Each structure stands twice: as structure tokens, then as C-alpha cells.
Amino acid sequence: MRDIALDVHIDFCEVAIAERGEVRSAGRIAAKPEELELFAQSLDPADRVALEVTGNAWAIKRIIEPHVAEVIVVSPNDTGIRGARAKTDRLDARTLARLLAAGELDGVWMPDRRTQRMRRRRRTQLVRTRARAKNEIHATLMRCLVGRAPHSDLFGKRGRQWLRELELPAEERESVDAAMRQIEFLDSEIEAVERLVAAEALESPEIKRLMSVPGVNVIVAATFMAAVGEIGRFPSPRKLTGYLGLDPRVAQSGSSPATHGRISKQGSVSARHALVEASWSVVRQPGPMHAFYRRIRARRGHSVAIVATARKLACLFWCLLTREEDYAYAQPSLTHKKLRLLEVRAGSPSHKGVYTGTFVTRERMRAAERELGKRAESAYKRMVAEWQRTQAKRAMGAGATPGRASNGPSSGQAARQDEAPSPAL
């Protein structure tokens, strides 16, 4: 068995081979499908191949994988090659081959075709570009001392009409018109992408299950599933929050207790951003998440409470997906409304303007469901209060209770480092 490493570039791949304890360079091959196929056919079925994550790494893996025993794609942050004193293509390939032969490489997960297709949706880039165009219009109005617009939605139907009729200098008028044309084009592109996302979401039971949480829409659920892929990869919610970068940084040295800082912000930025944005809507709905947010906000402030809610939301998603259950405190009428809007967005005919008689019934159901959510929130508060009383009694010392004096220290450094589990939702 040989251990082969590829230092991948856009035009070529530098090859290094580790065999019988020796590492040697094997030249370069062109990064083209036909050249890679010839290279793969020259390998032995018992060989192992390693390469770093690049834009074309997955395509190269698909070509080589049928011809060898294993193809490992690793993160550049895990190899230590970036910090090498001498760094060339040949040395990088040799180092990668040496690490593969020593068993020091852990491969990253390769998403399936469905997850890759969801990740390729460029809605985030389109929305950011549209936001820049809108900010350009706001800046123009500020330069011209226009003041606040008379409409709440500047880019709604009435707001856009007001922008077209607004008197501005010639050069500023040109900037506003150009930005408006760009916004209209991006609106149509975003609508097309959202139509594809809606069609895929209707076929995904995982996305529909996540949408049962009040405040979570299809964009949040689809972004989360695109970043996570298979939920079975994470044996615990803690692994998932670490993957998403919502876990706090920990510092500990010597005999001092561990301290926790800001979140690590590793992993998918889009998924973390979607969870934080969804938390703004989730905490407005009555239920355990609202009570959790208010409890954290009272101690740490709004910003920390929102990020903590995003972490709790990720843990909740893990429970829903692994147990294959809908949210226990869901609002069925609200979930049905979400799915109906999803069907309309995917291309189903709309019933707008047609009297169906369901509005009044749905409003009554929503009121009843919100009342049940308030009761669940009260039950969560009682559970937390009981948990806090139990922790207070434990902190006062277990020696007062017969038979429990030897369970652990009641004070001091060891007791402070013993963290009790927080209550689950």
C-alpha cells in the first residue's frame, strides 16, 4: 500500500508518494478530467490518496475514488503546512504524504449531491448585493438632505414611485436610477432562487420538521440543512454547536478554573447567521424559548441572550432531527400557513381574493395555540426555578443530608469547577 498526496492547484497537481518509509516526489499532472483519469488508472487498488480542500477537490476525488482504497480530503487548517518555514508545492505534497502515512490526517465530510445542490444556491450573495444597492440609495438621499421618506418601506410599491418622482441633481438622479434597476433585477433573481428552494423544501421532511418551530422559516431551515447535511454525523448537540461555531472559547491553565469567552465562530457563517436571525423571531413567540431568552437577558444583556438562543435553537434542531419528531410546542395553524406559502412560492395557484372561510377559524386557532404556548412558558419557568433551588441547596453543602456527605466537595475550587447540567427545553 502506498500513501499518495496531491497538492492541488487550478492548472496542475503536484504528486508525492510515501512508500516503505520513504517519501519521494512524482512530478506533476494536469488538473484536467482526462489527465486525472489516466493518473487514477495507474494507481493500485490498495493505495490511499490525500488532498487538501480546494474549489476543485471534490471533482478530483470523484475521479480518483473508484480506483483506490480511500481518498481523504483534509482541511488546510489541520495539516500545519501553512505555518511551515519553507513552503513550496513539492514540499507541501511531501508533507501531506508523510502525514497520511503516519495516520495523522482526518478527512472532512463530503456532502452528497443534494446537499451540494442546496449549498450552491446563491441567495445570500444576491441579498447582500441588493443590500449594497439599497444602501447606495440611502447614502444619496442623505447627501441631498432629503430626510426621511414619507413611506415606511422605501423599496415597496409606493416608496419606489416616490423615488422615481423625487427631484435630485442630475448626477445623483443617475445613481438612484442605476441602483433601482439593479434592485429590480436582483429581486427577480432572488425570487427565482427562492422558487427552487421552496420546491426542494416541499420534498424534504427535515426542512418541514424544522419549520414547525414558530419563528423559523424555509430559508433558515434550508440554510441549516445545507450546512449540516446528515444530522447523524453529530453524536451530541455539543458536537453540532461546535461545528457551527456557537460554542464558547475555553481558557484554562495551571490550577486556575476554566473561563469561557466569546463564541468560536468556526464553521458555516451562513448557518450561524441564519440561526441568530431566526432567534429574533423565535423569542417573540410565547413558549420555552421566550422564557429562556428573558432569563439570559436579565443576567447578560440582549446580545448575549440572542446568541445563547441561537445555540439553544441549534440544540433543538438536533433533537427534532435525531428523534424524527415535530416541535412539541408548535402552532399547527402557523405551520400550515408556512407550508401553504411555500407551495404558492413553488408555483401552486394562489387563493388570494377567493373567500374560503378559513381566516376566522385560523385566527381562533392561533389565539388558542398562543395560549398553550404561554402555559408551556410558565411550566418552563417553574422547572427552571425548581432547578435553581436544587442547585442552591447543593451549593450550600450536601453534608447536611445524611448519606450524601461523600458525594463531593461543597465549597472551594473543585466545587466551582463542577458544572451542573442546564435544564433542557
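I began with Arg120 and found it exposed, at a relative accessible area of 60% (exposed is over 50%, buried under 20% and partly exposed in between, with a 1.4 Å probe and protein chains only). This is a predicted model, where local features need pLDDT of at least 70 and side-chain atom pairs count only at pLDDT 80 or more, while totals for chains, interfaces and linings use all residues. Residues are numbered from 1 along each chain as its sequence is written, and side-chain values use heavy atoms, with hydrogens and water left out.

Next I placed Arg120: it sits in the loop between α4 (113–119) and α5 (123–143) (helices are DSSP runs of H or I, at least four residues, numbered from the N terminus).

Arg62, Arg113, Arg119 and Arg120 form a positive surface patch (residues with over 30% relative accessible area and no salt bridge, like charges joined within 9 Å; a salt bridge is a side-chain nitrogen of Lys or Arg within 4 Å of a carboxyl oxygen of Asp or Glu).

On to the rings: I noted three aromatic pairs (centres within 6.5 Å; planes under 30 degrees apart are stacked, over 60 edge-to-face, the rest tilted). Phe224 and Phe317 have ring centres 5.0 Å apart and planes at 70 degrees, so I logged the pair as edge-to-face. Phe224 belongs to α9 (residues 218–228) and Phe317 to α13 (residues 302–323), so this pair ties together parts 93 residues apart in sequence. Both Phe224 and Phe317 are buried.

I also checked Tyr327 and Tyr329, an edge-to-face pair with 5.8 Å centre to centre and 80 degrees between the planes. Tyr327 is buried at 10% relative accessibility, whereas Tyr329 is partly exposed at 37%.

Notes
Patch = residues over 30% accessible without salt bridge, like charges linked within 9 Å, V, L, I, M, F, W, Y side chains within 5 Å. Areas by Shrake-Rupley, 256 points an atom, 1.4 Å probe, with all protein chains shown as cover. Lys, Arg positive; Asp, Glu negative; His and termini not counted. Charge placed at Lys NZ, Arg CZ, Asp CG, Glu CD. Helix = DSSP H or I, 4+ residues; strand = E, 2+ residues; numbered from the N terminus. Phe/Tyr/Trp six-rings, centres within 6.5 Å; stacked < 30°, edge-to-face > 60°.
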